[in-house]
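Work through the exercises below with the sequence and the 3D structure open. Try each task before reading its solution.

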Amino acid sequence: MIDMPTSKDVLIAPSLLSADFAFLGDEVRKLKDAGADWLHFDVMDGRFVPNLSVGVPVLKSLRRVTDLPIDVHLMIVEPDSLLGAFAKAGADTLTVQAEACTHLHRTLQNIHNLGCRAGVSLNPHTPVDCLAYVMELVDFVLVMTVNPGFGGQSYIDACTGKIAEIRRRWPDVCIEVDGGIKADTVGKASCAGANVFVSGSGVFSQPDYGAAVKELRQLALRARAQ
Ligand code: DX5
Ligand code: ZN
């Protein structure tokens, strides 16, 4: 099981959704050289979100070519039936959407039993209260700062307050943020309390992934110091 970062650590997790899928292995190697901390792997089912992406076979292939932690974000309905397959294929983290889990407590127990770290993701409209009685099973919270389903959308400013609320209520929890994170938004998410930063188009639209990862990390750290 991977070590979880503390709330003091800053991690950059490029989202492979924006990678060139014809050269996925090469993209992953470039991200390792670029200093990425986690690889964010977005799974979409065309039901929870209006889009399809990749699943278990692609994860299995990627697992063979990288030792970076693979952070699997399940934007799917009824995730329980697939948790075992993703764990077996090499997921280090499994994040479920709170809105997709009728029995969230049990789902988080299942993730732990599979030897993975458990994340709970909240859509932009979802209040933080649903975390209150499961927090002992949560390794990290994923705050969606766009409506999930597509890369390249704009950061929703109302979500910054939600990050701050989670940080206030659970000072030590790891908070990942996902959606519209790039050079002009990473600072406000960091200032509010996020410490793991997913970025798809913010990294892959840049010619030099190393420079992009470095810039995001520096801006996140600088915002926090202010
Ligand atoms: C959106 C996905 C994100 C997406 C982020 O539904 O969960 O991980 O790839 O892409 P950007 O950083 O371009 O908003
Ligand atoms: Zn994601």
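**Exercise 1. Locate E78, classify its exposure and examine its phi.**

Step 1. E78 lies in the loop that links β3 to α3 (80-89). Helices (H or I, at least four residues) and strands (E, at least two) are DSSP runs, numbered from the N terminus.

Step 2. E78 has a relative accessible area of 56%, so E78 is exposed. The classes are buried (under 20% relative accessible area), exposed (over 50%) and partly exposed in between, with a 1.4 Å probe and protein chains only.

Step 3. Phi of E78 is positive, near 45 degrees, and E78 is not a glycine. Most residues other than glycine have a negative phi.

The model is predicted: local features need pLDDT of at least 70, side-chain atom pairs count only at pLDDT 80 or more, and totals for chains, interfaces and linings use all residues. Residues are numbered from 1 along each chain as its sequence is written, chains are lettered from A and ligands numbered from 1 in the order in which they are written, and side-chain values use heavy atoms, with hydrogens and water left out.

**Exercise 2. Describe the site of ligand 1: which residues surround it, and which cavity holds it?**

Step 1. Count the shell. Ligand 1 is surrounded by 20 residues. The closest are S15, G149, D178, G200 and S201. A residue is near if one of its heavy atoms lies within 4 Å.

Step 2. Sort the shell by class. Eleven residues are polar, seven nonpolar and two charged. Here Ala, Val, Leu, Ile, Met, Phe, Trp, Tyr, Cys and Pro count as nonpolar, Asp, Glu, Lys and Arg as charged, and the others, Gly among them, as polar.

Step 3. An oxygen atom of ligand 1 lies 2.8 Å from a polar backbone atom of G152. A polar backbone atom of G180 is also 2.8 Å from an oxygen atom of ligand 1. In H40, a side-chain N or O atom is 3.4 Å from an oxygen atom of ligand 1.

Step 4. Check the burial. Taken alone, ligand 1 exposes 380 Å², and the protein buries 100% of that. Areas come from the Shrake-Rupley method with a 1.4 Å probe.

Step 5. Ligand 1 sits in the largest cavity. To sit there, more than half of its atoms must lie within 2 Å of the grid points. A cavity is a set of points, on a 1 Å grid over the protein atoms alone, where a 1.4 Å probe fits but cannot get out.

Step 6. Name the elements. β2 (39-44), β3 (70-75) and β8 (196-199) each give two or more residues to the shell around ligand 1. β2 gives the most, with three residues.

**Exercise 3. Is R117 buried or exposed, and which side chain does it contact?**

Step 1. R117 belongs to strand β5 (residues 117-122).

Step 2. R117 counts as buried because its relative accessibility is 18%.

Step 3. The side chains of R117 and D139 form a polar contact of 3.4 Å. Such a contact is a pair of N or O atoms within 3.5 Å; within protein, one must be able to donate a hydrogen and the other to accept it, and residues adjacent in sequence count only if both atoms are side-chain atoms.

Note on methods:
1 Å grid on protein atoms, 1.4 Å probe; cavity = no way out; pocket = protein on both sides within 12 Å on 5 of 7 lines; lining within 4 Å.
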